[in-house]
Amino acid sequence: MTGGIAHDFRNLLTVIESGLRSAAKRADEPETVRAYIAAAREGIDRGVELASQLLAFAKHQELDIHAGNLNEFLRSFEPFLRYGAGPDVRVKLELGSDIPDCLIDPALFDAAVLNLVMNARDSMPSGGEIRVSTERLVQTAPTPDPPGPGTYACVRVKDRGCGMAPEILRRVFDPFFTTKGEKGTGIGMLQVQALAQMVDGRIRIRSEQGIGTTVDLLFPSIQADI
């Protein structure tokens, strides 16, 4: 658990550091600098919010789960995803229409998506593109794989990185399993899975060596189908 908490905060601090470094490079452009500083401050606020949620979790209190729209969360968090991806990786946001509202903890959702984006970044050491998209998914019949029948808000993180071999893919949710050596905690994907499970959601991963990886987070709609 300690490693997981450190992992999430390291991700946020990386984003803040990237923003401040960019501001230093644009010291002769006051408006740009102010924008970078504002983004860094927002990152600090999100870190404080995440700390509060983790403390609440440690004390077995209720988390801040409430109705929300994934598109709105992703729009506000987009600058941090771009900073987290680094200068050699492009983050492309593709927000679908008619995305149903779902139950979510905003701070933990931000941390989960940032985690997935940084994993995708690490799979592309020579740079590339990460697509973060949303869509309305309707499942009408039972299938061997999740999700079950129902309507879901889906956020998808897709890269064209090195991908994973089948034996690695089978272990992505094993506690403390990592392919990143000392840079990894082996608990990041467990936290992403825990976020989904807290609201009866699901996570799906597809990966192929040399092709890339796609991760879907599926959250049940709280809106009645018409």
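Which residues of strand 2 lie on its covered face, and which on its uncovered one? The legends below take up this question and then turn to other views of the predicted model.

**View 1. Overview of the predicted chain.** The chain holds six helices and seven strands, and along the sequence these elements follow the pattern α-α-β-α-β-β-α-β-β-α-α-β-β. Of its 226 residues, 45% count as buried, while the accessible surface comes to about 12100 Å², with 53% of that area belonging to carbon and sulfur atoms. Among contacts between residues at least 6 apart in sequence, 72% join residues at least 24 apart.

**View 2. The two faces of strand 2 and its pairing with strand 4.** In strand 2, which spans residues 89-94, V89, V91 and L93 make up the covered face, whereas R90, K92 and E94 make up the uncovered one. In a regular strand the side chains alternate between the two faces of the sheet.

**View 3. The surroundings of V132 and the largest nonpolar core.** The largest nonpolar core has 45 residues, and those with the most contacts inside it are F109, V117, V132 and F219. Helix 4 (residues 106-122) gives the most to this core, contributing nine residues. Leaving aside residues up to four places away in sequence, V132 touches V91, K92, L93 and E94, together with L74, V117, V155, R156 and V157.

**View 4. The tilted pair of Y36 and Y83.** Four aromatic pairs are counted in the model. In one of them, formed by Y36 and Y83, the arrangement is tilted, with 6.1 Å from centre to centre and 50° between the planes. Y36 lies in helix 2 (residues 30-58) and Y83 in helix 3 (residues 70-85), so the pair ties together parts that are 47 residues apart in sequence. Both Y36 and Y83 are buried.

**View 5. The edge-to-face pair of F109 and F219.** The ring centres of F109 and F219 lie 6.1 Å apart and their planes stand at 70°, so the pair is edge-to-face, the term used for angles over 60 degrees. Because F109 belongs to helix 4 and F219 to strand 7 (residues 212-220), this pair ties together parts that are 110 residues apart in sequence.

Terms used
Residues are numbered from 1 along each chain as its sequence is written. This is a predicted model: local features need pLDDT of at least 70, side-chain atom pairs count only at pLDDT 80 or more; totals for chains, interfaces and linings use all residues. Side-chain values use heavy atoms; hydrogens and water are left out. Buried means under 20% relative accessible area, exposed over 50%, partly exposed in between (1.4 Å probe, protein chains only). Helices (H or I, at least four residues) and strands (E, at least two) are DSSP runs, numbered from the N terminus. Two strands pair if DSSP finds at least two bridges between them. A nonpolar core is a set of buried Ala, Val, Leu, Ile, Met, Phe, Trp, Tyr and Cys residues joined through side-chain atoms within 4.5 Å. Contact means heavy atoms within 4.5 Å. Accessible areas come from the Shrake-Rupley method with a 1.4 Å probe; for residues, only the protein chains shown count as cover. Rings of Phe, Tyr and Trp (its six-membered ring) pair if their centres lie within 6.5 Å; planes under 30 degrees apart count as stacked, over 60 as edge-to-face and the rest as tilted.
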